[in-house]
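Visitor: I am new to this structure and would like to look closely at a single part of it. Could you show it to me before I ask?

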Amino acid sequence: MENELKQLIIDTLELEDISVADIDSHAPLFNDGLGLDSIDALELGLAIRKKYDVKIDAEKEDAVKIFSSVSTLAEYIQAARG
Amino acid sequence: MVLSKAVDFAVLNWNAWAPGVSSREDWLGGKAFVQAEKAALPATAPKTLQRRLSPLARAVFNAADGCRDGDKTLPIVFSSAHGEVNKSLEMLQSMQKGEEVSPTAFSLSVHNAISGLFSIAYANHQEITVIAPGQDGIAPAFIEALGLLQEHHSEVLMVLYDEPLSDFYPSQPFALNGPAVCALALRISLAGNGLPMRFSRSPARRDDGEHALQIFSFLKFLVSDDKALALGNHRHSWEWYKK
């Protein structure tokens, strides 16, 4: 699941120079880590909805926590799909 | 600024990009464009931004970067008739197919998208204007830039750019489509070392096409030995004169 998510991140956000192995599951996705921004978060949210049928409400308070790393994102998607 | 009068200014530096064009002779002689060529990106553009740069944005970055004066950031006047309208069209067409709109595509489709990317890449917090001159060609950008100089900015960067419109839009009988992607950057001041020019209204009633075509006319004028260039599009005409 985590590797699948990493590939989704790379493809969706056109991170040409980055491979799955370069992304640390526990490293922050935004700002410091991969350097993604709020538009990337929206784009990623859309891709996750399309692929996993899981909706992450960007306005919800825990969105920041859910998006904090590949590992937290994978956990949330797995829990939401039951 | 009273525009019935002439306004003097100096072009301190300029730089332009169009696919396959590199020399003075190329601009003068109407060399065939190499449509597939993409503008090289300046090293200054951060990696995370580079993936968001369209061919038109790359042309803007390329032209503007060659006009910089060290690390000094300047007020900028961007001017484009069509901007990223082709991106808007793609979005509308995907909506028509029932697809969801990409937030990234939306954010990059607005008229000031390229100026936003540019200001982030260069950490430019100066006054930045993006003009959509409609049928009025390149003159409104000069009026705006000369106005900023009158407001005590010592230098202004102008960037005029456009790309050909998608075939979806009717181009006839309008003269609004340029032959290729093109970006022209000019660094100007009221006085200084450079090419001294005078800008004024022209009484002539003429039709030289819209912005995308006028960029090429102005470029030819810059590299040619011509002393004067008049450009108009039905309503108003303007003259640039090399002093």
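Visitor: Please take me through the place where R52(B) forms a salt bridge: which residue of chain A is its partner, and how far apart are the closest N and O atoms?

Guide: A word on the basis comes first: this is a predicted model, in which local features need pLDDT of at least 70 and side-chain atom pairs count only at pLDDT 80 or more, while totals for chains, interfaces and linings use all residues. Residues are numbered from 1 along each chain as its sequence is written, chains are lettered from A and ligands numbered from 1 in the order in which they are written, and side-chain values use heavy atoms, with hydrogens and water left out.

The partner is D37(A), and the closest N and O atoms of this salt bridge with R52(B) are 2.8 Å apart; the term stands for a side-chain nitrogen of Lys or Arg within 4 Å of a carboxyl oxygen of Asp or Glu. R52(B) also meets D40(A) in a salt bridge, at 2.6 Å from N to O. Because R52(B) lies in the loop between α2 and α3 (55–65) of chain B and D40(A) in helix α2 (residues 38–52) of chain A, this pair joins two chains; helices here are DSSP runs of H or I with at least four residues, numbered from the N terminus. R52(B) is buried, with a relative accessible area of 8%, and D40(A) is likewise buried at 1%, where buried means under 20% relative accessible area with a 1.4 Å probe, protein chains only. Salt bridges that share partners bring D37(A), D40(A), R51(B) and R52(B) into one network.

Around these residues, the contact (heavy atoms within 4.5 Å) takes 11 residues from chain B and 15 residues from chain A. The buried area, which is the accessible area (1.4 Å probe) that two parts lose on being put together, summed over both, is about 970 Å² between the two chains, with carbon and sulfur atoms giving 45% of it. On the side of chain B, R51(B), E100(B) and P103(B) lose the most area to chain A, together 56% of what that side buries.

Two elements, α2 (47–50) and α5 (103–107) of chain B, each give two or more residues to the side that touches chain A, and α5(B) gives the most, with 4 residues.

Methods:
Buried means under 20% relative accessible area, exposed over 50%, partly exposed in between (1.4 Å probe, protein chains only).
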